[in-house]
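Hi,

Here is the structure we talked about. Please have a look, then read my notes below.

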Amino acid sequence: RDDLYVSDPYHGPTRAFKDMALQPFGVVLSSLAQQRNERYLILAATSGDTGPAALDTFRDRANVKVACLYPDGGTSDVQRLQMVTEDAPNLKVIGIHGDFDDAQSALKTLLSSDTFRGRLREKATHLSAANSVNFGRIIFQQIYHIHSYLELVRQGAIVLGDKVYLNVPSGNFGNALGGYYAMKMGLPVEKILIASNSNNVLTDLIRTGRYDLRNRNVVATSSPAMDILKSSNIERIIFDMFGTRRTKELMFALDNDRHYELTADELAQLQSVFCADYASDAEVRHYVKQAFDAGYLMDPHTATCLKAHETCRDKPLKSIVYSTAEWTKFSPTIANALTGEVDAHDIDALKSIAEVANMPIPPLIRALFEKPVAQPTVIDKQNIEQEIL
């Protein structure tokens, strides 16, 4: 469309946009650790894409070990295979009975646990994280937005200084936060549009000022990387907008009462930067088919952005959508949208899409189905700390 551009930052080794931020992270951290003669344990909790990207960047890196948590049954087949077929000696993949919020809560608990840190110190090991809770990730993700804007200038779509909309599919809010910081540094952004799925807690927050987890559980959707209710980087937005004391107050309320509410002035400030909407699974299938018929094959997370594109803009400005992953990572949803078929396994859906779209399954993805499982561990969440140690 004349006013809609899609940035595809997923052309990395694991076919997800997380590669772009995590590839330099692995090199930098391992180099620093070697220079300082230190050892690190990197924790990662993944809803599907961070895990493979973190494991790839740290594979066989000196002075670094990785423990990666994922919700068993909560990722696509391809994402799971990308993790459980990793056999490097410094990588540990742990499936848990639970959802992503359980995995992320466990990670945050361990990061703040003096006892856990003490046990690691006994092993002369420092602790860090590869999630978007690690600020290094956010620093690199700012670059997506600056690059995309300059690309529109280079293409003649806009003139330097013209404002644009950034349209970001959001679960943990890391990529959106990168856009926010880029905006604060002077990138000409009209607003940041936040696209969600049926786990639409971010939509509620930005529309009403209420973050309410009472009587809510994670819903499994066709865009599983956004099946998140407790969005980590919202805390950083609140900190930047409203300060230290208010942040502590609101986060304490969320942890203890499972909800908080912004004042009218705070909500107005939030809405001056962000607008939000969400797409149901049926709407996601509609947008995937609509885009394919127009010549573009997209994944279901990207499809949620087309809803926000239709509902959240009030000015005729160019929009940049961020496509989070290659179509190969969520093939059953896409095959269903394109052909109506229902596939239980990714490989069948991949073959179907390849035939309909007249394109091969990328060798990197096809090879996953031939590799042996090297990391079969699946445990209850209360056993995570012991398993990692």
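A residue counts as buried when its relative accessible area is under 20%. Keep in mind that this is a predicted model.

**Helix α3.** By that cut-off, V78, Q79, L81, Q82, M83 and V84 of α3 are buried. That makes six of the eight residues in the helix (77-84), so α3 is largely enclosed by the rest of the structure. What covers these buried residues? The cover includes α2 (50-58), β3 (64-71), β4 (91-97), α15 (346-357) and α16 (363-366).

**The sheet.** Five strands form an open sheet with parallel pairing, in the order β5-β2-β3-β4-β12. β5 (126-129) and β12 (378-380) are the edge strands, each pairing on one side only. From one strand to the next, the twist averages 30°. β2 (40-45) and β3 run parallel and are joined by six bridges. A44 has C68 in β3 as its bridge partner.

**Helices on the sheet.** α2 lies across β2, β3 and β4, at about 165° to β3. α3 also packs on the sheet and touches β3 and β4. The direction of α3 makes about 150° with that of β3.

How many disulfides does the structure hold? For C305, the nearest cysteine sulfur is that of C312, 10 Å away. C305 counts as buried because its relative accessibility is 0%. The closest cysteine sulfur to that of C312 is in C275, at 3.0 Å, which is too far for a bond. The cut-off for a disulfide is 2.5 Å. C312 has 8% relative accessibility, so C312 counts as buried.

Best wishes

Definitions and conventions: Residues numbered from 1 in each chain as written. Predicted model: local features only at pLDDT ≥ 70, side-chain atom pairs only at ≥ 80, totals over all residues. Heavy atoms only, no water. Buried < 20%, exposed > 50% of the residue type's maximum accessible area, 1.4 Å probe, protein only. Helix = DSSP H or I, 4+ residues; strand = E, 2+ residues; numbered from the N terminus. Contact = heavy atoms within 4.5 Å. Pairing = 2+ DSSP bridges. Axes fitted to C-alpha atoms, helices over the stretch in contact; angles between N-to-C directions.
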